[in-house]
Amino acid sequence: MQNIMDGARENRRMRKKDTEDLAGLLRKSWYHLRLSVRHPSRVPTWDAIVLTAASPEQAALYEWQLQRAKRVGRIASSTITLAVPDPDGARIGSGAATLNAIAALAAHFQKLDLGPHAQVANAKHGSSVFSAPQERSNQEITLLSVASSMAKKHILLLHAGGDSKRVPWANPMGKVFLPLPYLAEDDPDGPVPLLFDHILAISSCARQAFENQGGIFIMTGDVLPCFEAFNMVLPADASCIITVPITIDIASNHGVIVASKTGILERTYSLSLVENLLQKPNVKELVENQALLPDGRALLDTGIIAVRGKAWFDLLMLANSSEAMILELLKSRTEMSLYEDLVAAWVPAKHEWLKHRPMGKELISGLGNHTMFSYCAYDLSFLHFGTSSEVLDHLRSGSGLVGRRHLCSIPATTESDIAASAIILSSKIAPGVSVGEDSLIYDSSLSGRIQIGSHCIVVGVNIPRGIKDLSIGDLFWFTLPDRHCLWEVPLVGRTEKIIVYCGLHDNPKVSLSNGTFCGMPWKNVLQDLGIQESDVWNLSGMQEKCLWNAKIFPILPYFEMLSLATWLMGLSNQENKSMLPLWRSSQRVSLEELHRSINFTQLCLGSSNHQADIAAGIAKACINYGLLGRNLFQLCEEILQNEVSGVKICKEFVALCPNTLTQNTRILPKSRAYQVQVDLLRACGEETRACELEPIVWASVADETASAVKYGFGDHLLKSSDGGSLLANGKNNLDEFVDQSFCLRRARIELPVRVDFVGGWSDTPPWSLERSGCVLNMAISLEGSLPVGTTIETTMTNGVLICDETENQLYIDDPTSISTPFHNDDPFRLVKAALLVTGAIHDKGLSSMGLEIRTWSKAPRGSGLGTSSILAAAVVKGLLQIMDGDGSNENVARLVLVVEQIMGTGGGWQDQIGGLYPGIKFTSSFPGVPLCLKVFPLVASSQLVLELEQRLLVVFTGQVRLARQVLQKVVIRYLQHDNLLVSSIKRLTELAKIGREALMNGDLDELGDIMLEAWRLHQELDPFCSNESVDRLFALAGRFCCGYKLVGAGGGGFALLLAKDIGRAKELRQLLEEASDFDLKIYNWNIFLE
């Protein structure tokens, strides 16, 4: 075994992530989360997600948040969700809460009748507890049955039941649901990302580490652990705690893991047995327990625990029999910690200590047969949201990562003073409002004459317009000083909300003697305001006086609460003699009492209606004043959360749509306008009308594509790129051609197929009609020949004879009878569309003779190699040669765009470019009339060509793909202005440029990285672009390859496997050729360089 600490210094740099690294890691995690939600059969997700809560009321709020997460695509519909309160709302500790939550989930599964209850003797577990069940009591058999049914399940458990004393403004919503707008700019019309959402993203990657062995993944709700969880390695049949090296000053305030000096060391992680656990150790304790690493740091307990296999089964057994243990804890008013007590049962060195702890012997008996490992993730960033100032620090330090304006209504810069660094989320800001630097405004409405200082937090505040200060007879002016928090809370049994406030750095747990209120020492606050301690605290027993239990917040009419807030913060100009009596005579509550009095139902309803109102305002402005550039489909989903007026608002928007189209006919694509109507009709529940409108959407896309290549269905004389007629010939005019007697004309076109490295989808209408596109692809031959071709020749007999490689034939006596639309099953629609687009059926020169057109493609059907478009290019090019038209590659490529639209396949330009131009090329497109295509051939050295041909495997997966099905989904999302799709395709165009540089530099390893990211992005565009067989192929090939992807739109067809070197390419080829569980074929290929 090797020393796992030898690489500590070497890996230290890897743990220092900058903002770009963090954004990239989170983005990968979100890709994985969305993929697992949209296609859980391909990418396994959690069977259940469980949250612990402090009370039944908080559990109800969490259930609402869990349903919201399902609605907005954060949790798969198949995943069971459950919020479990501590029994009787009493504090029992995180360890007991874990057992209670697992037991509650087991009962929930039983209620749903999920899982094979009868399989109590599953030999797979290999445990003696399964022997001779007939000798056991009925209770034991029931426990075995329940544990067996859940043993294969994969559970995410999130501890979120704290009272958030250090982040009191997050107490009503639950700290785990505080806003965290990382990557919010990726989806500006989507809901505000929450800390919970990011935790789900990270944990979705951890799910694959469990593979097919059941288990539980335990996390804490105030920490975002940013690391590559998809690379995590978990030992079987054991527990594992996730750790990270940390400096001593931080370690001394947290839990520290003492790990074995031997184990597994890899470049990004180490895995070793846990030898001891330390809680907030000093330097002496760290040294005595050999907890220090060679570089002077220690292993921090991140609060993340994974339990698999037999260890998970025993934890289930313990949890399902824990009722008596929990009752004893309640009776004795003691707590069981997860990180001190429960975890200690897996660490033999802690057993003697644990025996003297509450329920310690029971824990050792139930769990002590298993061991615990430390998985040390060198690249882990530990983002703790333990205090209000930490929350702002994480938002402030994430420049470029944080979305600072999201789903908000803000006035013009000439009518307000809002700092550029301020974060405004789900809020309405009226003219006349001022917001200082680095402040957070969330879920609020602020009217005029409101000043919010710097480094402030304002949550759930609704300050109405026109509040008058009766003492001066003018509008009230409210100021929140720098470094303060302000929030509103609805109370049970009351219609009004209470206004709550404190200083950013106030610690509600610190005693009166050392504590602060609104940033000032309590002694000064009480003295300056004339308040007695007895006014604030009337405590019994040994309770310590602190902000948490200070009865200081009055319940009064709104203006009076605002006035007293100003007074209590030390900002009021009024004397104490007028404010103090009002404060003393009011009913007042403490933060502690608020925690027990929140009206969670009203909190959820108010927040939902507020966000629906903002979404409606944004959508209305988009329809009335804009160019439908927002995702109205997504906004309508939010609008419909207002059950009273949501549908009515959407119907009003439908009525506005015709005006929008007529007002913006010159610049608004009709396809976009019609798609908006489809989305709005669906939001209104008018599915029939929406379906009737969908064909018009696709017809508009085809018409817009035709217009972009200067094609008009009533004008068959297309203009060439130099402005002349496509049918014009420098030596012969049409009349001369018609007068000629029959003359045999023959064209034979053979073309290679294309493989694309990156950039696909940016070539596809309507994207390429509105935005720039970039594709990096390559023309190749297969098995020593050019796979696609056609021969076209004139015949003395009128009419058109079409034959394909399978000897299917069609004779068309009158070519002018060819018309659209074509049936999807018509095998000759490609040639028919080419005849239409080139104008051949109306050509006077061909009126006295016929045509015989033969086509072939030697590539497998559904290959993804662009054969359809390349064959169309061959036919178009051949027809133009016969007609003496403009057969230039650029013109042919543009015409094939129209062919694809007429056929209904809707492809882009990259396939025909890939086949028409030889070698490796980087192609850009620019919107315009006509669409401008620029092809830049990459001059590759003979050495690079040879290396690429030896390292790149071109493999037919055996899976037939249907590009049209994938393409239609993607196009609809684009027409809806799906921001995630738009940002993904933008990234693909950037990667194409980077890939061009990598190839020009001969860096195939970088090209492999680009292929991997491109493949992730393709799955973001459509999760069904892959399948289980392809996933297995890539999993097998992954250790040999630096990059892989499916070609084209995906869904099957050919795969590119770029090996790390020539040797591993040979190994992989041999492995795949010998694999009997894959129906694939490896093709010999060469770059077509002619």
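Buried here means under 20% relative accessible area, exposed means over 50%, and partly exposed is in between, with a 1.4 Å probe and protein chains only. Helices (H or I, at least four residues) and strands (E, at least two) are DSSP runs numbered from the N terminus.

Before you start clicking: this is a predicted model, in which local features need pLDDT of at least 70 and side-chain atom pairs count only at pLDDT 80 or more, while totals for chains, interfaces and linings use all residues. Residues are numbered from 1 along each chain as its sequence is written, and side-chain values use heavy atoms, leaving out hydrogens and water.

**Stop 1: helix 6**

Select residues 195-206. Helix 6 is largely enclosed by the rest of the structure, because 12 of its 12 residues are buried. Among them are Leu195, Phe196, Asp197, His198 and Cys205. From first C-alpha to last, helix 6 reaches 17 Å, close to the 16 Å expected at 1.5 Å a residue; the expected span is 1.5 Å times one less than the number of residues.

Now step on to glutamate 211, in the loop between helix 6 and strand 5 (215-220). Glutamate 211 counts as exposed at 53% relative accessibility, and has a positive phi of about 50° although it is not a glycine. Most residues other than glycine have a negative phi, and most peptide bonds are trans.

**Stop 2: the largest cavity**

Show Trp30, Arg34, Leu183, Asp187 and Pro193: of the 13 residues lining the largest cavity, these are the closest to its centre. A cavity is a set of points, on a 1 Å grid over the protein atoms alone, where a 1.4 Å probe fits but cannot get out, and lining residues have an atom within 4 Å of a point. The volume of this cavity is about 150 Å³, taken as the space filled by probe spheres set on the points, with grid points joined across faces, edges and corners.

**Stop 3: two buried polar residues**

Pick threonine 387, in the loop between strand 13 (381-384) and helix 14 (388-396). Threonine 387 counts as buried at 13% relative accessibility. Its side chain makes a polar contact of 3.1 Å with the side chain of serine 389. A polar contact is a pair of N or O atoms within 3.5 Å; within protein, one must be able to donate a hydrogen and the other to accept it, and residues adjacent in sequence count only if both atoms are side-chain atoms.

Next, jump to arginine 754 in strand 34 (residues 753-758). Arginine 754 is buried, with a relative accessible area of 2%. Its side chain makes polar contacts with the side chains of glutamine 910 at 3.5 Å and aspartate 911 at 2.8 Å.

**Stop 4: cis peptide bonds**

Turn to threonine 820 and proline 821, joined by a cis peptide bond with omega of about 0°. Then select valine 929 and proline 930, where a cis peptide bond has omega of about 5°. Proline 930 sits in the loop between strand 40 (920-926) and strand 41 (932-937).

**Stop 5: helix 36**

Finish at residues 1062-1074, the 13 residues of helix 36. Its buried residues are Ala1065, Leu1068 and Leu1072. At the N-terminal end, aspartate 1061 caps helix 36, with a side-chain oxygen 3.2 Å from the backbone nitrogen of glycine 1063.

Definitions and conventions:
1 Å grid on protein atoms, 1.4 Å probe; cavity = no way out; pocket = protein on both sides within 12 Å on 5 of 7 lines; lining within 4 Å.
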